[in-house]
Amino acid sequence: MISVFDKKEDCCGCTACKSICSKRAITMKPDKEGFLYPEINQELCSDCGICRNVCAFQTGYDISHNLESPEVYALKHKSDEVRRSSSSGGAFTAISDYILSIGGVVYGAAFDQELQVLHKRAESKTDRNKFRGSKYVESNLNDVFYQIRQDLLNGKYVLFTGTSCQVAGLKKYLLKLKTNMERLILVDLICHGVGSPLIFKDFVSYLERRNKSEVVEYYFRSKVAGWGHTEQIIFRNGRNDFSSTLSQLHKKLFYSNLCLRPSCYECRYANIRRPSDITIADFWGIENKFPEFKDDLGISAVIINTHQGSIIHSKLNDIVTITCNIQDCLRKQKNLHSPSPLNPKREQFWQDYYKYGFEYIA
């Protein structure tokens, strides 16, 4: 039987294989942990092998246009409102504002009405604003790679923001199809890993049962308590919870490394040779280098990887920056030099979950 990968650690779920299959033989299906994997309809498959060949996770990713040494900046948006709505200093808003100002489109991760995380397309600031803030759950890319290619073929500027594996997958997909990428700007994140959509869905259901009210808004990185990591839940009955032990349970699960995607423990992109034009993250430890620059609304680390990224950065408005170096980021960003480690209790965690349910593991 033909398969795109041999073991789950070799698949990041980027959809490049699904998107490039001319026979439409591949669909993305959730496994028992809720992560999406490509499944081949053997009756439609012609065994051409392009699904494996396009996989950047297994066959390597393109860094041919990378600068010899990345340029690094600490950045904060001039608008306090923008920074309050952002995970760190508002770098994504500044970059996407420029792309929208030249008639481009923006792709990023957002919630749908059921609080599932998926990538969407935006042509306005209102729609783009839904992409602000971290989403610590695997995003469903659906047909986004195909949509991006159509936008590029139509001459549009396109900004895609996602995890490094999503960026590398998109880039390889477009390269394989010989797509002109001069108008494509790729932004990746320094990523701890992606959490299980199934666990998050069960957590939201658990919250609703405990509070006897529907969750209407969820913030993975609210600044209600300042710049850091505070998860905030707003219920239909008006309750606003960011201080209870229960409200921070998903954060604890995420950082425990018990329910990350298997490929995250073997991430190929946990280094400074990034597949993107620009990498953005929190600038943790900025107070050690530039104490006068830090405040409680957040500072972005911006790593410029390509000449294209440098051009885009030079055109940004409404920002204040300080020139830094890559060592300033490496000190506090472990995922710039190594993947998140596999928790030795991961297998037991999932066994307990299947046997006893979410409330037990909670």
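## Helices α9 and α14

In this predicted model, helices α9 and α14 cross in a left-handed way. Helix α9 covers residues 197-211 and helix α14 covers residues 346-356.

On the α9 side, the contact is made by Leu198, Ile199 and Asp202. On the α14 side, Phe349, Trp350 and Tyr353 take part. By type, the residues of this contact divide into 5 nonpolar, no polar and 1 charged.

## Helices α7 and α8

Two packed helices are described by the angle between their axes and the distance between the axes. For helix α7 (residues 144-153) and helix α8 (residues 164-176), the axes come within 11 Å and cross at roughly 55 degrees. That angle makes α7 oblique to α8. The crossing of α7 with α8 is right-handed.

Helix α7 contributes Phe145, Tyr146, Ile148, Arg149 and Leu152 to the contact, while α8 contributes Gln166, Gly169, Leu170, Tyr173 and Leu174. The residues of this contact divide into 7 nonpolar, 2 polar and 1 charged.

## The nonpolar cores

In soluble globular proteins, nonpolar side chains tend to be buried together. In this model, the largest nonpolar core has 37 residues. Phe145, Ile148, Phe160, Leu170 and Tyr173 are the residues with the most contacts inside this core. Several elements give two or more residues to the core, including the helices α1 (16-20), α3 (56-59), α7 and α8 and the strands β2 (36-40), β4 (105-111), β6 (158-162) and β7 (184-189). The largest share, 6 residues, comes from α8.

Tyr173 touches residues from several parts of the chain. Leaving out residues up to four places away in sequence, Tyr173 touches Ala16, Ser19, Ile20, Val54, Phe145, Tyr146 and Arg149. There is also a second, separate core of 32 residues, which includes Val204, Ile233, Phe235 and Leu260.

Helix α10 spans residues 249-255. Apart from neighbours within four places in sequence, His250 is in contact with Tyr136, Val137, Phe200, Phe203, Tyr218, Phe220 and Glu231.

Ile63 is in the loop between α3 and β3 (66-77). Its relative accessible area is 29%, so Ile63 is partly exposed. Not counting residues up to four places away in sequence, Ile63 touches Arg273 and Arg274. The C-alpha atoms of Ile63 and Leu118 are separated by 27 Å, and these residues are 55 apart along the chain.

## Two residues with positive phi

Most residues other than glycine have a negative phi. Thr15 has a positive value, with phi near 80 degrees. Thr15 is in the segment before α1 and is buried, with a relative accessible area of 3%.

Lys178 also has a positive phi, near 55 degrees. Lys178 is in the loop between α8 and β7. With a relative accessible area of 77%, Lys178 is exposed.

Key
Residues numbered from 1 in each chain as written. Predicted model: local features only at pLDDT ≥ 70, side-chain atom pairs only at ≥ 80, totals over all residues. Heavy atoms only, no water. Axes fitted to C-alpha atoms, helices over the stretch in contact; angles between N-to-C directions. Helix = DSSP H or I, 4+ residues; strand = E, 2+ residues; numbered from the N terminus. Parallel < 35°, antiparallel > 145°, perpendicular 65-115°, else oblique. Left-handed = near helix turned anticlockwise from the far one by under 90°. Contact = heavy atoms within 4.5 Å. Nonpolar A, V, L, I, M, F, W, Y, C, P; charged D, E, K, R; others polar. Core = buried A, V, L, I, M, F, W, Y, C linked by side-chain atoms within 4.5 Å. Buried < 20%, exposed > 50% of the residue type's maximum accessible area, 1.4 Å probe, protein only.
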